[in-house]
Amino acid sequence: MKKFAIALGMVAFVSLLIPAAGAAEPDVSKLPAAADRPIAFEKDIKPIFEASCAECHGPKRQKSKYRLDDPEIAVKGGSSGEAAIIPGTPEKSVLLLQAAGLIKDMEMPPVENRDRFPQLTPEQLGLIRAWIAQGAKFE
């Protein structure tokens with residue numbers, strides 16, 4: 001009986017990791033175009049992260065065990081276990097997809113906090129998209 005319970009628990013756990021059948025893939029055609037210039041993390045990206053993300057994903061607080069001030073964790077992702085940034089592939093980078101509001105119920109900043117942290121502009125999203133496409137380097 002104990003083995004059955006453990007097996008049942010494993011099935012339930014694994015089912016949480018597998019996307020539901022028919023779950024919609026984010027429509028990446030809705031992403032703003034990438035900026036068409038070289039992007040520098042310190043000048044272009046860090047200010048966006050500090051203004052819009054750091055309060056919940058920075059040195060003082062790490063919702064979902066995710067932080068953008070630590071390059072290794074920023075790329076690797078938080079408690080979901082899914083890579084947040086895939087250097088060279090912005091269209092598959094959860095960070096960009098959430099920031100663009102393309103993952104339902106996982107929009108970043110959260111919709112309920114938009115009074116304090118507005119949704120990123122198309123220009124900001126274009127900078128992040130270009131930065132990831134260019135390798136997501138943290139200088």
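Okay, Lys-43 to start: it's exposed, at 59% relative accessibility, where exposed means over 50% relative accessible area, buried under 20%, and partly exposed in between, with a 1.4 Å probe and protein chains only. Its partner is Asp-44: the two form a salt bridge, with the closest N and O atoms 3.6 Å apart. By salt bridge I mean a side-chain nitrogen of Lys or Arg within 4 Å of a carboxyl oxygen of Asp or Glu.

Quick housekeeping. This is a predicted model, so local features need pLDDT of at least 70 and side-chain atom pairs count only at pLDDT 80 or more, while totals for chains, interfaces and linings use all residues. Residues are numbered from 1 along each chain as its sequence is written, and side-chain values use heavy atoms, with hydrogens and water left out.

Back to the charges. How many salt bridges does a search of the whole structure find? Seven. Arg-67 and Asp-69 make one of them, at 2.8 Å, N to O, and Asp-69 is partly exposed, at 39%. There's also a network: salt bridges that share partners join Arg-37, Lys-43 and Asp-44.

The one I'd click on is Arg-116 with Glu-55, where the closest N and O atoms are 2.3 Å apart. Arg-116 sits in the loop between H5 and H6 and Glu-55 in helix H3, residues 54-57, so this pair ties together parts that are 61 residues apart in sequence. Helices here are DSSP runs of H or I, at least four residues, numbered from the N terminus. Glu-55 itself is partly exposed, at 42%.

Now, helix H2. Which of its residues are buried? Phe-41, Asp-44, Ile-45, Ile-48, Phe-49 and Ser-52. Look down the axis of H2 and those buried residues fall within an arc of 115°, so they line one face of the helix; the arc is taken from the directions from the helix axis to the C-beta atoms. As a reminder, an α-helix has 3.6 residues a turn, so residues three or four places apart point the same way. On the other side of H2, Lys-43, Glu-50 and Ala-51 are exposed. The buried residues pack against H3, H5 and H6.

Take Ser-52, in H2. Ser-52 is buried at 13%, and leaving out residues up to four places away in sequence, it touches Pro-109, Phe-117, Pro-118 and Leu-120. Contact here means heavy atoms within 4.5 Å.

On to the largest nonpolar core, which has 26 residues. A nonpolar core is a set of buried Ala, Val, Leu, Ile, Met, Phe, Trp, Tyr and Cys residues joined through side-chain atoms within 4.5 Å. Ile-45, Phe-49, Ile-85, Leu-95, Ile-128 and Trp-131 have the most contacts inside it. H2 (41-52), H5 (94-99) and H6 (122-133) each supply at least two residues of this core, and H6 gives the largest share, six. Zoom in on Trp-131: beyond four places in sequence, its contacts include Ile-45 and Phe-49, plus Ile-85 and Phe-138.

Searching the whole structure turns up zero disulfides.

Conventions
A disulfide is a pair of cysteine sulfur atoms within 2.5 Å.
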